[in-house]
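Here's a quick briefing to read alongside the model. Have the sequence and the 3D view open as you go.

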Amino acid sequence: MHLSEMGSIADRCWQEIPEHFRYVKLDEYIVMPNHIHGIITISVRTRHAVSVQKDNSVRKFGPLQSGSLHTIIGSYKSAVTKLIHERGYAFRWQSRFHDRIIRNEKEMNRIREYIHWNAAKWEWDEENPAGTSHDASQPVSHPGLCPTCTHMARIETPRGSTFIMCNLSKTDKSFPKYPKIPVLQCRGYVRTQRF
Ligand code: SF4
């Protein structure tokens with residue numbers, strides 16, 4: 001996913017959350033054109049999946065509790081809004097965000113996977129004005145090709161991390177076993193029917 005200037009601000013501010021909230025750790029996240037998905041670990045054991053969306057509604061935060069998820073997300077949204085406004089763009093968040101407490105590793109991995117594939121799905125989403133269909137006779141130039149390629153295999157470690165493996169590497173050594181994501185061009189790309 002290529003980030004716009006606004007997207008880059010949203011991305012940088014997200015990465016900086018732990019600098020402002022020492023008890024927060026970040027996990028998988030993705031900045032999409034109109035929303036953000038991310039997993040936040042608060043303290044040691046409480047993990048939240050969060051979706052924050054851009055919108056035209058007026059921002060109204062309730063009273064914030066120190067250390068709460070509302071405080072973290074409220075601060076994040078304020079920082080992003082301020083930096084974007086400083087660059088002269090009109091921008092507002094939706095007043096609310098959606099969150100869900102992640103209760104076990106299985107759920108954690110499922111949500112990680114959902115976030116991981118979000119960008120790939122957007123690339124091929126018919127509502128994406130920048131998206132185009134792939135012409136197999138031409139070199140591929142869309143970012144993040146592997147997740148939509150039929151040669152991709154997903155490898156999960158016992159600890160729950162996910163790697164993308166290129167199956168073509170088994171028969172053709174010019175293909176890396178573990179491609180550096182995002183792959184922007186690939187002569188071996190064949191679009192899968194999964195999306
Ligand atoms: S063939 Fe290319 S696009 Fe497909 S999985 Fe391998 S490296 Fe990725």
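What follows is a short tour, from the overall layout to single residues.

This is a predicted model, so a few ground rules apply: local features need pLDDT of at least 70, side-chain atom pairs count only at pLDDT 80 or more, and totals for chains, interfaces and linings use all residues. Residues are numbered from 1 along each chain as its sequence is written.

**Overall layout**

- The chain has four helices and six strands, where helices (H or I, at least four residues) and strands (E, at least two) are DSSP runs numbered from the N terminus.
- Starting at the N terminus, the order of elements is α-α-β-β-β-α-β-α-β-β.
- Of the 195 residues in the chain, 20% are buried; that label takes 20 or more other C-beta atoms within 10 Å of a residue's own, while exposed takes 12 or fewer and partly exposed lies in between, with C-beta atoms placed from the backbone.
- Take the contacts (C-beta atoms, placed from the backbone, within 7 Å) between residues at least 6 apart in sequence: 56% of them join residues at least 24 apart.

**Cores**

- The largest nonpolar core has 15 residues, and Ala-10, Cys-13, Trp-14, Ile-36, Tyr-76 and Val-80 have the most contacts inside it; a nonpolar core here is a set of buried Ala, Val, Leu, Ile, Met, Phe, Trp, Tyr and Cys residues joined through C-beta atoms within 7 Å.
- At least two residues of this core come from each of helix H1 (5–15), strand E1 (24–31), E2, H3 and helix H4 (105–123).
- There's also a second, separate core of eight residues, with Leu-145, Met-152, Leu-168 and Val-183 among them.

**Helix H1**

- Ile-9, Ala-10, Cys-13 and Trp-14 are buried in H1.
- Down the axis of H1, these buried residues fall within an arc of 130° (taken from the directions from the helix axis to the C-beta atoms), so they line one face of the helix.
- The buried residues of H1 pack against helix H2 (17–20), E1, E2 and H3.
- Exposed Glu-5 and Gln-15 sit on the face of H1 turned away from its buried side.

**Helix H3**

- In H3, the buried residues are Ile-72, Ile-73, Tyr-76, Lys-77 and Val-80.
- They cover an arc of only 125° around the axis, so they are on the same side of H3.
- The general rule behind this is that an α-helix has 3.6 residues a turn, so residues three or four places apart point the same way.
- Lys-82, His-85 and Glu-86 are exposed on the other side of H3.
- Leaving out residues up to four places away in sequence, Tyr-76 touches Cys-13, Trp-14 and Ile-17.
- Just after H3, Gly-88 has a positive phi of about 90°.

- Ile-40 lies in strand E2 (residues 35–42) and counts as buried because it has 24 C-beta neighbours inside 10 Å.
- Ile-40 is 29 residues from Leu-69 in sequence, with 8.9 Å between their C-alpha atoms.
- Glu-113, in helix H4, is partly exposed because 14 other C-beta atoms lie within 10 Å.
- Glu-113 and Glu-28 are 85 residues apart in sequence, with their C-alpha atoms 8.7 Å apart.

**Ligand**

- The ligand is surrounded by 13 residues, the closest being Cys-146, Cys-149, Cys-166, Cys-186 and Gly-188; to count, a residue's C-beta atom, placed from the backbone, must lie within 6 Å.

Conventions. Two residues are in contact if their C-beta atoms, placed from the backbone, lie within 7 Å.
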